[in-house]
Amino acid sequence: MSDDRIHALPAVRRLLGNPVSRSMLRFVTQDDDCGDRLTNAIRCYQGSSDGLCWRCRLAGRMVGYTLHRSSQIFGVNEDDIKKGLDEQVFVRGLKNVLEGIARYGITMPQIVNAPFLVVWDFTHRCNLRCTHCYQDAQKALPRELDTEEAKRLVEELADAGVVVIAFSGGEPLMRKDFFEVAAHARKHDLYVALATNGTLITPEMAGRIRDAGIEYVEISVDGKDAASHDAFRGMPGAFDRTIAGIRNCVEAGLYTCIATTVTRANYDQVPEIYRLASELGVKRLMCFNFIPTGRGVEMADQDIPPDDRRDLLHRILAWTRDGSGPEALSTAPQLASVALDEERGGVPVGHFYAGDAIQGRTALLADFIGGCGAGRIYCSIEPEGDLQPCVFMPIRVGNVREKPFLEIWHSSEVLKDLRDRSHLSGACAACENRYVCGGCRARAWAYFGDLHAPDPGCVNNRRCWEELRGQGAGAAAASTAPAQRMERTAGVARGR
């Protein structure tokens, strides 16, 4: 670990983690007669304090000092911070972080007051039958949240401080009330994203997506051509309809991303999928970790070896830093570790990218952002209201029909467990990048039925991978392990 990273934590704790600072942060994040005090404090920081009370002005000085010192510690240009504060999403994120520090202190990785991202599996209904589906989606479930329940949940998430809602499924566009609920989320200042298979997106549908205020559309493409993609998606003709959907989104001016779940079947096709993304004019390629859960248990032998994954992550970083095509990212938390090893450019973390604007000491930020965000900066909500740490981690920690969202978020023992990296085992426990990465907890759960087990997708855990593969005896060991372990442990987890 670099000297900068070693010395950063004490500096940040002195600045924000002491009892006085945490008390000041609680003061800053309170509301009063002027309204949202943090928003008003940011106005003061940006030089506009007319009509604000002394409390908001004082809060503005506190915020200004905090952001100025933080920019020095992390090597971030303060002008870039000020530009970011013009965006409501940035402000929501900042408030969330400050409230998290006020509540939990400075932690590595940092615990926030509410998840930045909630992936909402809006329905179980789907028009495809993908071989890797984590939901085993087909028909709608009998007790999916109705329209009014969904809109109330949107309001609850907005009040909690959630920054991004990503509607997923199933296929969310198959619910008749999707646009009503999505527009309601945008009305409440949430950043709204859509994950879809793209087959239903006609030019008219793309216009409706844009007009509902959806700002990000992620469309799944799992092969370079119809033969490979359709085999993955379980429907002839799916590829052509998906590509048409992507074109329609790009033409409608939507920020469009291609999502590819990388397996042995399409690993060698990823460069061609990236070229396809570039030709279609999308902004991003997201390479998803394959996780053997749901329908994917039956194809666990298609998981890629650790060395292949690491090579892919290096390639992804090279594409992004080249800058001539779409940005490329991965949900594999090892991506940040690989970036730090290369020691150049920004540090990508999960679905987000630190980028050129905050180069320099970005390693310091990576320790706090923390790689795998399951149950810490991200969670999922299932169609009938169950809350899970991750869409790929079928552990029910509560239900929003039964308890308030934030009560579940702060009280769940499973979520508390996931946030504490001292519980990790194997190579993940001893790794110098355990705060930067932490391994994919969903993969640990799928393969070992243990939230803290090593992630067999990392090169540091080759031994685990070889044991799962039966020391080279064939694919059977890897393909049966997830099903056996999930069956043995799922009931225990749901009872927590």
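What follows is a run of questions about labels in this predicted model.

Biologist: Let's start with Thr29. Why is Thr29 called buried?

Modeller: Its relative accessible area is 12%, and buried means under 20%, so Thr29 gets that label.

Biologist: Where does Thr29 sit, then?

Modeller: In the loop between helix H2 (19–28) and strand S1 (31–32). Leaving aside neighbours within four places in sequence, Thr29 is in contact with Lys95, Leu98 and Glu99.

Biologist: What makes the pairing of the Thr29 side chain with the backbone oxygen of Leu25 a polar contact?

Modeller: The distance from that oxygen to a polar atom of the Thr29 side chain is 2.9 Å.

Biologist: Fine. How do you know that Lys151 and Glu180 form a salt bridge?

Modeller: Their closest N and O atoms are 3.1 Å apart. A salt bridge needs a side-chain nitrogen of Lys or Arg within 4 Å of a carboxyl oxygen of Asp or Glu, so this pair qualifies. Lys151 lies in helix H7 (residues 147–160) and Glu180 in helix H8 (residues 178–187), so the pair ties together parts that are 29 residues apart in sequence.

Biologist: And is each partner buried or exposed, or something in between?

Modeller: Lys151 has a relative accessible area of 17%, so buried. Glu180 comes out at 40%, so partly exposed; that class runs between the 20% and 50% cut-offs.

Biologist: What makes Arg129 and Asp136 a salt bridge?

Modeller: The closest N and O atoms are 3.9 Å apart, and the limit is within 4 Å, so the pair counts. Arg129 is partly exposed at 44% relative accessibility, and Asp136 is partly exposed at 32%.

Biologist: Now Asp211 and Arg210, whose side chains meet in a salt bridge (3.2 Å, N to O). Why is Asp211 called exposed, and Arg210 partly exposed?

Modeller: Exposed means over 50%. Asp211 has 61% relative accessibility, so it is exposed; Arg210 has 41%, so it is partly exposed.

Biologist: How many salt bridges turn up in the whole structure?

Modeller: The search finds 22. There is also a network of salt bridges linking Asp303, Arg309, Arg443 and Asp455.

Biologist: Last one: what makes helix H14 (residues 334–342) mostly covered?

Modeller: Seven of its nine residues are buried: Gln334, Leu335, Ala336, Ser337, Val338, Ala339 and Leu340.

Key:
Residues are numbered from 1 along each chain as its sequence is written. This is a predicted model: local features need pLDDT of at least 70, side-chain atom pairs count only at pLDDT 80 or more; totals for chains, interfaces and linings use all residues. Side-chain values use heavy atoms; hydrogens and water are left out. Helices (H or I, at least four residues) and strands (E, at least two) are DSSP runs, numbered from the N terminus. Buried means under 20% relative accessible area, exposed over 50%, partly exposed in between (1.4 Å probe, protein chains only). A polar contact is a pair of N or O atoms within 3.5 Å; within protein, one must be able to donate a hydrogen and the other to accept it, and residues adjacent in sequence count only if both atoms are side-chain atoms. Contact means heavy atoms within 4.5 Å.
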